[in-house]
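The following note sets out numbered points for a colleague reading this structure. Please consider them alongside the coordinates.

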Amino acid sequence: MTTPLLYTPAAARRLIADDAWSALAEPLEQARRETLNDVDLLNSGDAVPEDKQPLDAGFIEYPRRLLSNDVRFDDQPLLDVLDDSAQSLRERIDRLVVLGIGGSYMGPRALHEALSPFYYNELPRDARSDAPRLYFEGDNLDNDSARALRDFLTATCSEPAQRDQRWGIVVISKSGGTFETDAAFRLFRDAHETCFDSLPDDGRKLIVPITGQEGKLRAVAESKKYAPIFPVPDGIGGRYSVFTPVGLFPAAVLGIDIRQLLQGAVDMTERFKSAPIGENPVLDYVATCHILERDAGATIRVLSTWGKRLEAVGLWYDQLLAESLGKTKVGDNGETRFFGATPITGVNTRDLHSRGQQHQEGRRDKLITNVIVSRPGTDPVTVPEEANPADPEDRDWIGGRTLPELLSVAVQGTNDAYAAADRPTADIVLDQLDAHTLGQLLQMFMLATVVEGRLIGVNPYGQPGVEAYKRNMKTILGE
Ligand code: PA5
C-alpha cells in the first residue's frame, strides 16, 4: 500500500477568513451526514422522497462491497467473474475497442491514461502486460474518426484465427439508448461480424456489453446471446460508475490492478467518514472550493495536473463537477438560481505557456488545485549540460538536473508567483501514481462533488439539462 493522498489548502486558506472557515464546520458536517444517510436510504428499499430523486449514492460503498465479495454475478463474486472474463478476452484479442460516452467512457479512459505505459499502442505485446491495444469510439458522431478506426480494423483481420488479427468490443451504456454509443455499436458490430463470422461462437465471445437492467442495449445483447453482460448497477449514475464494471472491466483487460483501485477508494471513503475537518481531504477540499466561490468569486476551478498522465483524470473530473452541480433551481419564491463552478483541466508545465498568463494576471475568478505526483514512475532522466556558444558567461540553469527535480521547482515557482499575486492555490499530493493512489483520488472527487451538492442544496445526481439536446435531436429526426 502507498502513502495516503494529501490535500493541503494552506496557500488558499491565507485568502479565507478564519470565521468563514469556522462557520462552515456545522453545515459541512450536516452535508457529510446527509451524504452517508443517503446510502442507508438507498439500501433500506424505502421510497426515495421526490426532492432526492434521482439518488445514486451506491458508488460510496460499492468498492467495499466488491472487495468483500458481497456483489454477486451468476452466484459468484462479481470481481472474480470480471477478472476471469477480462483474462479470457485479453488472451483472445490484440485490439480492443471501447464504445461509450460521458460517464460510460471518461472513467475507463482516465484509468488507462493514468496507469498504462506511455505509447501503449506502439509497444510490443509483452510490454503491454500481454494485453490488447486500446481504442475509444462512440464518444462522438465524428464520421472521419469512426470510419478511420473501422477501416483500419477491417483491413487487418484477413486471418481471423490469428490473435494479432483479432479485435474485440466492450460497449458501455447504462441507459442502453444513447445515440452516439448506439450508432457506434451498430457500425462496429457489423464490421466485427464481417471479420469474425467464420468464427461464430468465438466471434460472440469477443463482444462484452456493460449496461443497466433495462434498455435497448441489453435487449440487443441478449438477442445476440453475448455472455457475460456486465451490469451498471442500479443506484450508481454514469459519472459515478468508474469503480463498477464500467471502469473495472476495461482496466482488468489492460492488466491494471483493479483490487488496488478499489482499496484506494475504500480507504478514501473511510477517511471521509471518520476524519475531522482539517484532516479530511474531502471536507477540506469542499470547504476551500465553496468559500472561495461564495466569498471571493472563484467560479472557475482549475485542476492543474503536473505531468502528462493525469489529463484524462482532469477531463473525467470536468464532467463529474460540471454535470453534477451545474444546475438551475427555482426556489419556492419563484426565484431562479444558477449553480456550479466551471471546471477546467490544465496540464503543466505545458499550460504555463498557454493559460499561465491569465491565471497570474487575469480575472480574479479562479481557484487552482494542483495535482502533484511526488515520485515519477520510472528512473529520473538527467538533462545534459550544455554551454551557450553565443555567451560563455551564460549560466546553464538546467544542465545536470533531473526532470523530476525541474518539475518540482516549476510547481514551487508557480505556486510562489500565484501567492505573491494573491491567487488562491491548493495542492493534492500523491506519493506516486499507481492504482491505489488513483483509487483514492477519484473517490475523493466523487465524494466531494456529492458533499458540495448537499451543502448548496443541489442534487448532485442526474443531469436533467442534457435531456434537452436529446429531445431536440429526436424532434429534428422526426420521431
Ligand atoms: O453521468 C452521466 O450519467 C452521463 O454522463 C452518462 O454517463 C452519459 O450520458 C452516457 O449515458 P449512458 O451510459 O446511458 O449511455
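**Note on the domain interface and selected local features**

1. Across the interface of domain 1 and domain 2, the rule finds zero salt bridges, a salt bridge being a side-chain nitrogen of Lys or Arg within 4 Å of a carboxyl oxygen of Asp or Glu. The structure is a predicted model, in which local features need pLDDT of at least 70 and side-chain atom pairs count only at pLDDT 80 or more, while totals for chains, interfaces and linings use all residues. Residues are numbered from 1 along each chain as its sequence is written, and side-chain values use heavy atoms, with hydrogens and water left out.

2. The domain assignment gives domain 1 as 6-45 + 261-462 and domain 2 as 72-232; such bounds come from an automatic or database domain assignment. The C-alpha centres of domain 1 and domain 2 lie 32 Å apart. Their contact (heavy atoms within 4.5 Å) takes 15 residues from domain 1 and 14 residues from domain 2.

3. About 1,200 Å² is buried between domain 1 and domain 2, with carbon and sulfur atoms giving 73% of that area. Buried area here is the accessible area (1.4 Å probe) that two parts lose on being put together, summed over both. On the side of domain 1, R309, A312 and Q319 lose the most area to domain 2, together 45% of what that side buries.

4. Three residue pairs are in polar contact between domain 1 and domain 2, both residues being at pLDDT 80 or more. A polar contact is a pair of N or O atoms within 3.5 Å; within protein, one must be able to donate a hydrogen and the other to accept it, and residues adjacent in sequence count only if both atoms are side-chain atoms. Helix 11 (258-274), helix 13 (311-325) and helix 16 (435-456) each supply at least two residues of the side of domain 1 that touches domain 2. Helix 13 gives the most to that side, with five residues. Helices (H or I, at least four residues) and strands (E, at least two) are DSSP runs, numbered from the N terminus.

5. By class, the side of domain 1 that touches domain 2 has eleven nonpolar, one polar and three charged residues. In this scheme Ala, Val, Leu, Ile, Met, Phe, Trp, Tyr, Cys and Pro count as nonpolar, Asp, Glu, Lys and Arg as charged, and the others, Gly among them, as polar.

6. The count of salt bridges comes to 35. One of them joins the side chains of D38 and R454 (2.9 Å, N to O). D38 is in helix 2 (residues 18-44) and R454 in helix 16, 416 residues apart, which links distant parts of the chain. D38 is buried at 2% relative accessible area, and R454 also counts as buried at 11%. Buried means under 20% relative accessible area, exposed over 50%, and partly exposed in between (1.4 Å probe, protein chains only).

7. E61 forms a salt bridge with K273, the closest N and O atoms being 2.5 Å apart. Because E61 lies in the loop between helix 2 and helix 3 (62-67) and K273 in helix 11, the pair ties together parts that are 212 residues apart in sequence. E61 is buried, with a relative accessible area of 11%, whereas K273 is partly exposed at 29%. A network of salt bridges links D94, R125, R128, D130 and R133.

8. S241 is placed in the loop between strand 8 (230-231) and helix 10 (245-253) and is buried, with a relative accessible area of 1%. A polar atom of its side chain lies 2.6 Å from the backbone oxygen of G238. Leaving aside neighbours within four places in sequence, S241 is in contact with G103, V232, I236, V246 and G247.

9. Helix 5 (residues 106-115) is mostly covered, seven of its ten residues being buried. Its buried residues are covered by elements including strand 5 (133-137), strand 6 (167-173), helix 10, helix 11, helix 13 and helix 16.

10. Most residues other than glycine have a negative phi, and most peptide bonds are trans. The peptide bond from Q53 to P54 is cis, with omega near -5°, and the bond from A227 to P228 is cis, with omega near 0°. D75 has a positive phi near 70° and counts as exposed at 69% relative accessibility. D130 has a positive phi of about 60° and counts as partly exposed at 38%.
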